[in-house]
Amino acid sequence: MNAQPVLEVDDLWVHYGTVPAVRKLGLTVGGGEIVGLIGPNGAGKSTTLHAIVGLVPARSGDIRLRGASILGRKPETIARAGISLVPEGRRIFAQLTVEENLRLGLVARTGHNDADRDLGWIEELFPVVREFRARQAGTLSGGQQQQLAIARALVAGPDVLLLDEPSLGLAPTIVDVVFGALTDIRERGVTVLLVEQRAQRTVALADRTYVMTNGEIRMTLTPADADDTERIIAAYMAS
Amino acid sequence: MNHVQALIDAIGEGAVFALIAVGIGLVFGVLRLINFAYGQLIMVAAYALAFPGNWPDAASIGLAVLAAVVASLVMERIAFRPLRTADPSTMLVATFAIAYLLQNGALLQYTYRQQGGLGDSIGTLSGLNQAVTIGSLHIRWVTFLAIGAGLVSLGGLALILTRTSIGLQMRAASMDFRTARLLGVKADTVIMAAVAISGVLAAVAAVVLSISSTSVNPTTGFQETIFVLVGVVAGGIDRLVSATLGAFAIGFAIELVGTELPNSGATPFTSNVYMPSVIYLAVIVVLLLRPAGLFARRGQRTVERV
Amino acid sequence: MRRTTWLQELLAPIALVALLAIASSLWVSSADQSKFQTAIVYVAIVAALYVFVGNSGVLSFGQVSFVAVGAFSAGVMTIPAGTKPGVLPTLFPLLRDHSISNVWSLVLAAGLGGVYAFAVGIPLMRLSGIAAGIATLAVLGITYNLLTYWNSIGPGATTLSLIPETTDYWQATVGAISVILVAFGYQRSRFGRQLRAAREDPAAARAAGIDIHRQRLWAFTLSGALSGFTGGLYVHLLGSIQTNQVYLDLTFLTLAMLVVGGISSLLGAVVGAIAISLFTILLGNSEEGIHVFGWGIKAPAGTSLVGVAVVMLVILLLRPAGITGGREFSLPSTFARPRLRSR
C-alpha cells in the first residue's frame, strides 16, 4: 500500500484555557490508509480533529497536509485544501433538503469537472441520499442522517476524510453500513482518520489504531490485536 | 370605501417595514448581530438619492444603491469583522457608535454647506406623492411603488437564497455557521454578501421613505428602523420569514389603526399618539408568551455566533 | 493584603469621581463647570445601569425609563407651587397644587424608579438574551410615549422648565459616590454574588439553588431606584428638560459608556463614563477654537460629536472587553506590602 504520508501531526499541544487537552500528539496517516483513533470520553480525540480542521487553535506543534503546513488556517481554507470532517452528531442542515445538503458539500470542491462522476459512486454507496433527495434532511432517521453527513463530506472530493464517532447512537445494522462504506471509500483513494468509541471494530478495520488517553497517544494497535481484548482494555486503562 | 383605502395604505407601510426587516434579518442570520445603525444606512442612501439634484431619477436611485452598499461594506470591514469574536454587547455598541457617527456626520455637512434649514429635496421623484383616483379611492403612486418594490425585492432575494450557491451558503451559515465553514463556506464572503444585499434593501427603503416624506434629513429612516427592530424580534428573528412577518404586521397596524383613530386627545389610549405604546405593549406580551417570536417554529432555539 | 482588596476596589472608582470633581472645580473655567458636573451625573447614571447590566449580563435598553421617571417626577414636584398652575395647568390637582423640597424630590425619584422597575421586572425578568433586550426597549418606548403625550402627569410635548437648579458640584459628587457605594455593596452582597454566578454559568447556578429570576428582579429594582435617583440629580442640573433628553440617545450613550469602560466591573462603568465625557468636553471645546503650537484650530460645530463616535469605535476595536477589561482595580503586587501567606 502506498503509505506516503498525506496527513501528519507533529508534537501538537492544544489548551482550553490553561488546561492541556492534547499533549505532544504525533500521528501520521498515509495515502489510502484507514487510521483509527480510539480512547475513553474526554481523551482529546475530538479536540485533535478540531485542531486539524482549524476549529480550535493549537498552542504549538505542526499539522501538515501533503507536506505543507495547514496550522492556523481558517476552517474553510482547510476544507478547500482537501480535508473533510464528518462532525460528531452529524450536523446536517435539518431545514434544508437532502439535495441542498449535498450541494453544500460541493462548496469545498476545487475542481468541479468530475463532480457528477463522484456523485454517482457516492449515491451508489448510500442509496438513501438519492431516494430522499427532495426531503427535508431533518425528517430522515438518525442512520440516514449519518449517511447523508458522510456523503456530504465525500462530495467535496477530499483527500482525507475525518470522522468523529460516526457510529454514535446508531442501530447495529446501520453501524455495519457505515463501517462497510469506509472500506469502499478507501478504495476510491480517500484516506480515512476514524475517531471511534467502538474499539474492537475500529482496530479490526483500520490499518493502524492509536489509543489516546488524557490527551496523549499511549499505544498503537494493529488488526492483529483486534481479538486481544485484554490488550485493548489495558491500553484504555493506562492513564 | 375609505376602509379599503386605509387597507391599501397599510399594506404599503407594511411593505417598507418588511424591506427593512429583511435587511436587518439577513445580517442577523450570519452575524447574530442586531444592527442598530441600519436606520442610518437608510439615511445615507437617502442623502445619496437627494445629492445629484437634477440627474435622471434612475441615476439618482443607482447612486443611492451604490452609497448604501459601499457604506454597509465599510461598516462590516472596519467594525463587524474585527469584533466578530468579541462579546455580543461590544459589537452591538459598535453599531450605536456607527449610528451616532453617521447621524452627526449628516448634521455636520449642513455646517459645511452653510445651509441653515435641515432637509434636502429629492427633486422630481417627489411627484410620486400625487394620488391616483380609482373610484372613491385616492392612492398615492408611492404606495404602489412601496408594494411593488417590496414584492420585487423580496421575490428577488428569495430567488438568490434558493437558486444560487451563495444564497444556499448564506442560509446554511445562518443555521449553523461552524458546520458551514467545515464544508468550505467562506465566512468573510458570506457575511459580505449578506451585508451588501442588506445595503441594497436599505437603498430601496430609502427611496420609498424619502418620496413619501418628500425630503431627506438626518433622522430619515430612524423611527421606522426602531419599530422594525422590535417587530423582527417579536416575529421571530431566527427565520427571515417570521422576522419579516413581524415587521410587516407592525407597519400594517401603525398605518391602519393610526388612521382610524382620532389624532388628538391627551388621555392615554384615546388617540393615535399613543399608537407606539400599544405596539410596544403588544410586543412585550408576545415576547412573554413566545420569547422566540410569534411566528417562530415551536421548540426553536437561538443558534450560536461564529 | 487579602483583607484590603475590597477596599482598593471600592476606593478606586470613588477616588476617580472625587478627583474629577475637585480638579474641575478648581481649575476649569466657570463656563465649563456645568459640563464637568454633567460628567459626574453621567457617572452616577452609568453606575446605576451597571448594577443590573453588569451583574446580570443581560443587556437592558430600559434603564433610562427609570431615569426619565425620576427626572420628571423630581422636576414636576419641585417647581414652586405658586407658579405651577400657570405653567402646567393640565396636571392632576394632586401634582399641580403641591411641591416638595430638593432632597425629598430625590427620594421620590428613587422610590418611583424602584417601584416602576419592580413592576416591569416581574414579568420581564423571565426573558433573557435578545428577547429581554427588545422587551426593555419596548418599556422605554412606552415610557417615552406616555411622558410625551399625557399632560396630566407632566409637561407633555413641551419643555418642563423653572426646575430649581440644585445639583451643584457638591450634590453631584455626593450623589455619584452614593450610587457607587450602593452598587459596590450590592455587588459584594450574597444577592450580588449569586447573580454574578448566574451570569457566568446559568445552569450551574440553577443547580446550586439560585433563583435567577428573583436575583435579576432584585438587581433590576435596585438599578431602577438608583436610576430614578440619578434622573433627579440630572433634572436639577439641567433646570429644564424635554422627554427626548431621556430617551434613545441617552440610552445608547450610557450603554456605550458602560461597554467602553468594561461591562462587568463597577470601575469599568465609572471609567467609561468619565472617559467618554472628557472626550466630549475636549472635542466640544475644540469647536470654540484651540491653539496648538501657535496655530489656531477651529473645528466646525458638530465635529465633536462625530469625533466622540470615532473615539468610541476605536476604543472598542482596540479593547473589545473595554478599557478596564471588566476587572476591578487592584494595586500591582509589587506595591502591596509583601507578606508571606500560606494557602
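Tutor: The rule finds four salt bridges across the interface of chain A and chain B, a salt bridge being a side-chain nitrogen of Lys or Arg within 4 Å of a carboxyl oxygen of Asp or Glu. This is a predicted model, in which local features need pLDDT of at least 70 and side-chain atom pairs count only at pLDDT 80 or more, while totals for chains, interfaces and linings use all residues. Residues are numbered from 1 along each chain as its sequence is written, chains are lettered from A and ligands numbered from 1 in the order in which they are written, and side-chain values use heavy atoms, with hydrogens and water left out.

Side chains of opposite charge can pair when their charged atoms come close. In one salt bridge, R91(A) meets D176(B), at 3.1 Å from N to O. In another, E76(A) pairs with R181(B), and the closest N and O atoms are 2.6 Å apart. E76(A) belongs to helix α2 of chain A and R181(B) to helix α7 (residues 177-182) of chain B, so this pair joins two chains. Helices here are DSSP runs of H or I with at least four residues, strands are runs of E with at least two, and both are numbered from the N terminus. Over all chains, a search of the whole structure finds 26 salt bridges.

Now the extent of the interface. Chain A brings 20 residues to the contact and chain B brings 22 residues, where contact means heavy atoms within 4.5 Å. About 2,100 Å² is buried between chain A and chain B, with 61% of that area from carbon and sulfur atoms; buried area is the accessible area (1.4 Å probe) that two parts lose on being put together, summed over both. E76(A), F93(A) and Q95(A) give 28% of what chain A buries against chain B, more than any other three residues.

Seven residue pairs are in polar contact between chain A and chain B, both residues at pLDDT 80 or more. A polar contact is a pair of N or O atoms within 3.5 Å; within protein, one must be able to donate a hydrogen and the other to accept it, and residues adjacent in sequence count only if both atoms are side-chain atoms. On the side of chain A that touches chain B, α2 (75-81) and α3 (98-105) of chain A each supply at least two residues, and α2(A) has the largest share, four residues. By class, this side of chain A has eleven nonpolar, two polar and seven charged residues. Ala, Val, Leu, Ile, Met, Phe, Trp, Tyr, Cys and Pro count as nonpolar, Asp, Glu, Lys and Arg as charged, and the others, Gly among them, as polar.

The contact of chain C with chain B can be set beside this. There, 40 residues of chain C touch 44 residues of chain B. The buried area is about 3,700 Å², of which carbon and sulfur atoms give 84%. Between chain C and chain B the count of salt bridges is zero, and five residue pairs are in polar contact, both at pLDDT 80 or more. α7(C) gives the largest share of the side of chain C that touches chain B, twelve residues. That side of chain C has 35 nonpolar, five polar and no charged residues.
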